[in-house]
Amino acid sequence: MRGARSSRLQNALPGIWALRWIAIAIGIVGWFVYYPIVNNFLVSTTNQDIFTGEVTNVGLDNYRRLASDPVIGTALFNNSMYAVLSVVFQVFAAFWLAAIIEGLKSERWRSIWRAVYFIPSAISTTVTGLLFYFIYQPNVGILDGLLTHFRLEHLSRVWLGDPQTAIYAIVAMSQWQGFGYSTLLFSVAIQKIPQELYDAARMDGAGPLRQLISITLPLTREMTGMMIIVTVTGAFQVFNEVMVMTAGGPNNSTQVLGTWLYEQGFNQNDMGYAAAIGSLIFAITMLCGVAQLWYTRRRRVLA
Amino acid sequence: MRLHMPGLTAVVALAASLGWTGGAIAQTTVADPAAPVEYSGNLKVLTKFGTQRLQPYFVEIAKAYEAAHPGVTVELIQEDDDSVKGKTKTLVASNAIPDVFFSWTGTWGGNFVRGKRAVDLTPVIGPDTEWGKTLAPAAVGAFVYDGKYYGIPLYLDAKFMGYNKAIFAEVGIEVPKDLDGLLAACDKLKAAGYTPIAIGNKEPWVAVHYLGQLLAYNVPKDVLEADFDPATATYSDPGYVAALDQFRQIADRCTVGADMNGISYQAALQELSDGKAAMYYQEIIEFDNSANPSTKLKPEEFGFFRLPAPAGAKGDPNALEGAPEGYMISAASPNVPLALDFMKFVTTPENGKVLSAPPYGQPSAVIGGADPATMNPAVVGGLEDLAKASYLIQWLDTVNHPKVAAAWLSNLQAFAGGSMSAEDVVAQVQAAAEAAK
Amino acid sequence: MTEGHPTQAFWPGMVRAFLWAFLFAIGVLVVYPLLWMALGGFKSNSEIFDSPFSLPGSWSLTNYVAAWHATQGYLFSSLLVTVVSTVTTVLISAWAAFGLTRTEVPGKPLLVGFILGGMMLSPTVALVPLVRMLQSLGIYDTHAALILLYTAFRVPFTTFLIRAYMLDLPRDLDEAAMMDGATPGQIFRKIILPLCQPILISCVVLHILFAWNEYLFAMIFTNSASVQTLPVGLTSMMSKQGTNYAALFAAMTISALPIVIIFFLTQRYFIRGLTEGIGK
């Protein structure tokens, strides 16, 4: 029945019939992921009034506005700073933390630490955003409480209300949440390194630090490279954390591209401009994606 | 089979989704007073009564209505003062406006009228109609656009300085008569160890409300109204900078100053209810929130006064910041007569009395819908004071074009944080008005 | 042979003590805020304001009970959307990965590029057009909308993982089965799928993590309380509860707990799947 028909088709056009395996994937990804991206470019060349539903073509006006909008500068700075700090904590620091954990003798303790550090990553950014919002509260929050306990009240600020500190407060929360995930991935990568290499190095008299630098570091380079690109790409797509904690305030000092897009499109009814911001995000993440592709291809050639 | 079905559906849906119909309606829908009401179906209502205290109001009304009319289900989407703004915008953007939805007056409501999303209610709620006669004329009149009536007012609101009578008595101060008097009182309160005025500007409209009242005092009414319209806006009156400077004085001498940007308005209100702060600038509809049987501040100890005007102000010292708030009917609703019938039920004098009394304390716009015997005396007093105002200036962030509103909100927050000058704030607002032309 | 695990102590004595202290310090940094949150739920609201750091005076369950009632609808929605989208995502991705690695599909590099390229496309960019699209499809404000979107946006990454794993599976079993006249469908079901168990489990866990915690789409594409998922429900509760921190803490704990428990239970399989899948 089905076998008969499929073998007929299979003999005639084996490849085409095999398309059925990926048909749904192609369909759903093409329709919901690719098409909106293309559509987004079209929307960015218009001015849309969500109340009247009118659509007027304005060419590249929205992009001209992108170039002169000071908040875009703030957003780009915030995203970039997010990227840099995330790489420091979630790539480099996570690597060293994973190295420390993997160096422990007891397997039980290794999995305990990996699991404990991972807990924040399992919790949604909304919950952690709300949690840290409370932690940063003046007077009632943990942070101020700690500072008071250690007689450091003068260091206390209105963390989320001060434009100078707000974005850093958000980034700190993000690192708390993400480092466990990166540490886990690095642990996995480190585990793949054969023990013999370490034993040999030890015979040669190398201490632990030396072993880490000359064995572990080079052999996890692929994971490191991938993590850097994933982290940077993620940093330019940040939305949840900022939205829940400050919604881009105070005075737009914590805006990132994602929240500014939302503000323009949904609060200021300017869908066209929001789409233009979307195109900017797309260009940046595309660049990162291409970098990732180039990097993995290069590794495969060398490996 | 698997290849064909998804393909076909995809093509059809793709074609549908490519259409830019966007839900624009060609003509304004007008309410028909003669249309018969069909008591069946689902009615979606977007309210602003999402907080714990206010939630039961519409829930009870919905239950009563459903009991009286089996076959009708009322679905409530309850948001609070802040989230209703974002929620409404999302609903509009997705063409999913509920049958009955909350709206402020001014440009906010005007957006729906302009987009032909609201039903013209003149034939059913105009001053000569049966229904219209049951509502306070000024309240219904606040929802007039292009000479037509679009909104159903539910309650009146105005901004007052709530204060703790016990603290005032303890420190020995009287209700201040002008701005300098207020500032002097603040100094005394600070010396006595109290926070003079609690303020939380994490939600930036809080500072904007202060400024609105100060603008009414410092800038003549006709200049203000011209400036509210981007086409005629100039923002050149010196009263703007004067008002900003006065706000700065209040912020510095009476409040925590720049820290206000990290505190939410609810936390600030709690400071008053907990007896830690002496004053809190609030709307009448928040009176019952500040002082009720379950808070430390008891209703007998709660008093209010208008934000004192600066001596010699160039605007109108008798103007009061406030506006009615109400509901509109969506033009896209499949059952407009039912929606109207529901709102008529909501605005009966009995339901009005419930709304005006504690725990809700939202003074009803229905004539005869406020019974002083059941209401919080402060709310009664506030209503009387409201009636004496020369005119009501609406909230800056709802009366203005969204771009100008956004400019006020974010720049005032920076001003409050001390990182911007008064002249710069006005310049930014002016630029936003230019861009909004 | 055991990979990469020290047979003798890796860290010398003194350093080891210091490192242990360091690990514990970080552990405290991670666990303390969460404990604070969970314990806060047991306190009354004024207790939180007066003595934020002490243990609850009386272990009151009222907040948790109230939170349970308040979040039930959201929990159900999250459960529904997560479970269904996990099934669809992993299934569709497994089919796609099989098609890309084990069959004679034409234009493989192009198709691989297309599907994996989807990973680079950001949901935020798609937001504005998706609003119109979903609305004209009539599925705005439904569970179906979220399920569709979650699947569409996660298929690329999940396919990437499964494909990487399948690439390294030995072909002899396939070939033997084909000699015996098995159809690709049977090969998929009886041979490949069971062999892929580790990576499939990892993909399931990863997708659950994503779907349970997803916020952006849930916020924008759902309105009714009956359709909204936990993250959106929580922010909605935040504005409604105002300063009732205790109630909020209880709700937050309830929404975080299931995921943490799931992770602990599936930890070993999850890591094994990643271990065998990565490093290719």
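This is a predicted model: local features need pLDDT of at least 70, side-chain atom pairs count only at pLDDT 80 or more; totals for chains, interfaces and linings use all residues.
Colleague: What makes Cys203(C) count as buried or exposed?

Modeller: Buried means under 20% relative accessible area, exposed over 50%, and partly exposed in between, with a 1.4 Å probe and protein chains only. Cys203(C) has a relative accessibility of 3%, and therefore counts as buried, and Cys196(C), at 1%, is buried by the rule too.

Colleague: How do you know which cysteines form a disulfide?

Modeller: The structure holds one disulfide over all chains, and it joins Cys186(B) to Cys254(B), with an S to S distance of 2.0 Å. The pair links distant parts of the chain, 68 residues apart, with Cys186(B) in helix 8 (residues 179-191) of chain B and Cys254(B) in helix 11 (residues 239-254) of chain B; helices here are DSSP runs of H or I with at least four residues, numbered from the N terminus.

Colleague: Why is the disulfide of Cys186(B) and Cys254(B) called right-handed?

Modeller: The torsion about its S-S bond is about 95°, so the disulfide is right-handed. As for accessibility, Cys186(B) counts as buried at 0%, and Cys254(B) is likewise buried, with a relative accessible area of 0%.

Colleague: What area is buried between domain 1 of chain C and domain 2 of chain C?

Modeller: The domains, whose bounds come from an automatic or database domain assignment, cover 17-60 and 71-278 of chain C. Buried area is the accessible area (1.4 Å probe) that two parts lose on being put together, summed over both, and between these two domains it is about 720 Å², of which carbon and sulfur atoms give 77%.

Colleague: How many salt bridges are counted between domain 1 of chain C and domain 2 of chain C?

Modeller: A salt bridge needs a side-chain nitrogen of Lys or Arg within 4 Å of a carboxyl oxygen of Asp or Glu, and the count between the two domains is zero.

Notes. Residues are numbered from 1 along each chain as its sequence is written. Chains are lettered from A and ligands numbered from 1 in the order in which they are written. Side-chain values use heavy atoms; hydrogens and water are left out. A disulfide is a pair of cysteine sulfur atoms within 2.5 Å. Helices (H or I, at least four residues) and strands (E, at least two) are DSSP runs, numbered from the N terminus.
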